[in-house]
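Keep the picture open while you read.

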Amino acid sequence: MPEFLHLLPPDEALKTWLTALPQPVEFNCERLDTAQALNRVLGEDITAPEALPPFPRSTVDGYAVHAASTFGATPSLPAYLDLQGEVRMGQEATLALEPAQAALIHTGGMIPDGADAVVMIEDTQRAHEGQIEVLKAVASGENILQAGEDVKAGQLVLPAGKRLRPQEIGGLMALGVTSVLVRKRPRVGIISTGDELISPDQQLEPGQVRDVNSYSLAALINRLGGEVSRQLLLPDDRQQLQPALKLAQAEDDVIVVTAGSSVSERDLTADTIAALGKPGVLVHGIQIKPGKPTILASAEGTPVLGLPGNPVSAFIIAGIFLPPLLQLLLGGAQNTPQAVVAASLTVNIASLAGREDFVPVRLQQEGEAWLAEPVYGRSNLIFTLVRADGLIRIPPAATGLDKGAQVMVHLF
């Protein structure tokens, strides 16, 4: 069987793939209710239509006061202030304070005119009717949120290309921005190939296995912000694969093909992808384990990812190459932080110099520290990943990692 002619390091392979895509990337957008826009990418800059908070507010329960009227106050020598009334929650503060006067106020209440600080209620006590004792001095501005302290009117609060997290949804609602323009999710077509594959809802016959890849990949793509437009299950047949790829090329933004990436008489994926158009197959073979026979291609502007058929290899490779691709197609930064945990290896791990290895591990807590225990299993065993919490990377210059070595676990 012929071997791969030229293996590229993963970083070089990714760069080769992404730079072959049409530049600049064009974005199609749609308008959504803000409440439905979680994890979507903004297609426009958002500027604040008003200040936030729109008026000065108290951050505590207490009394609005002139700060200067409390200077020098102590429990043994309190300041006496005349109580002028109460600021009602949700209502405009209509009273105005003079020196040596105070008004009862609650957390979030509007600061009345003339007041420049709030004394916490626990630092006061009632003296006579209509009068309070202040037992602790406050400075001007203490316990007050000033108007516009969070956001100023007209300020850029969210740039185009920002992925909306729960806190962004809340911030937009606080500003009254109830709809947003977001970039349409890239359409991804998934084609799983293999004579042995059947749908998960079918009863197994001897020699058959249920399709795993298209479902785990679809879940990953949805999590990354893509939209799965098709999930096809095809036999190892060029006559069926070729028209399926052509249709996906016409309708989708990305094509993912699983299985058929190894070099053999039955593995026709690379040739079929190459026939879709120029520049064709850019990378066929990567210095990585698992996932060596990965295909990276571009066909008339459509990126194509050819994955190994083994579920572990397919998922790990997709987790390396799909995030930066989809981020590019959504216009987001390609250096989006990933959740990682520092841990100590529980055993020695061997590796081959010149190749990047990605090893599934499970995390165990020991006191305040984390331990990383490798989860061993062949690349066609999906529960190798189910039992793992993340991956560790062994760099190509290393011949392994020693027990006790500090590693970074990239969480799934």
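This is a predicted model: local features need pLDDT of at least 70, side-chain atom pairs count only at pLDDT 80 or more; totals for chains, interfaces and linings use all residues.

The peptide bond leading from L52 into P53 is cis, and its omega is near -5°. There is another cis bond to look up, from K278 to P279, with omega near -5°. P279 isn't in a loop like that one; its place is in strand β18 (residues 279-284).

**Helices side by side**

Now find helix α6, residues 311-330, and look for helix α1, residues 10-19: their axes come within 11 Å and cross at roughly 30°. Angles under 35 degrees count as roughly parallel, so α1 and α6 are roughly parallel to each other. Their crossing is right-handed. On the α1 side, the contact is made by P10, A13, L14, W17 and L18, while α6 brings F321, P324, L325 and L328. What kinds of residues make up this contact? They are 9 nonpolar, with no polar and no charged ones.

Helix α6 also packs against helix α3 (residues 213-223), at an angle of about 25° and with the axes 10 Å apart. That makes α3 and α6 roughly parallel to each other too, and the crossing of this pair is right-handed. Here N213, S216, L217, L220 and I221 of α3 touch P311, A314, F315, A318, G319, L322 and L326 of α6. Sorted by class, the contact of α3 with α6 has 9 nonpolar residues, 3 polar ones and no charged ones.

| Helix pair | Axis distance | Crossing angle |
|---|---|---|
| α1 and α6 | within 11 Å | roughly 30° |
| α3 and α6 | 10 Å | about 25° |

**Inside strand β13**

Is T193 buried or exposed? Its relative accessible area is 5%, and buried means under 20%, so T193 is buried. A polar atom of the T193 side chain lies 2.9 Å from the backbone oxygen of T258.

V188 is in strand β13 as well. With a relative accessible area of 0%, V188 is buried. Which residues does V188 touch, if you skip its neighbours within four places in sequence? The contacts are I221, E227, V228, S229, R230, D252, V254, V256 and L326. One of those is S229, 41 residues away along the chain from V188, yet their C-alpha atoms are separated by 5.7 Å.

**A couple of positive phi angles**

Finally, look at the loop between β1 (29-33) and β2, the place of N39. Phi of N39 is near 70°, which is a positive value in a residue other than glycine. N39 is partly exposed, with a relative accessible area of 41%.

E300 has a positive phi as well, near 50°, and E300 isn't glycine either. You'll find E300 in the loop between β20 (295-299) and β21 (302-307). Its relative accessibility is 56%, and exposed means over 50%, so E300 counts as exposed.

Technical notes
Residues are numbered from 1 along each chain as its sequence is written. Side-chain values use heavy atoms; hydrogens and water are left out. Axes are lines fitted to C-alpha atoms, for helices over the stretch in contact, and angles run from 0 to 180 degrees between N-to-C directions. Helices (H or I, at least four residues) and strands (E, at least two) are DSSP runs, numbered from the N terminus. Angles under 35 degrees count as roughly parallel, over 145 as roughly antiparallel, 65 to 115 as roughly perpendicular and the rest as oblique. A crossing is left-handed if the near helix is turned anticlockwise from the far one by less than a right angle, and right-handed if clockwise. Contact means heavy atoms within 4.5 Å. Ala, Val, Leu, Ile, Met, Phe, Trp, Tyr, Cys and Pro count as nonpolar, Asp, Glu, Lys and Arg as charged, and the others, Gly among them, as polar. Buried means under 20% relative accessible area, exposed over 50%, partly exposed in between (1.4 Å probe, protein chains only). A polar contact is a pair of N or O atoms within 3.5 Å; within protein, one must be able to donate a hydrogen and the other to accept it, and residues adjacent in sequence count only if both atoms are side-chain atoms.
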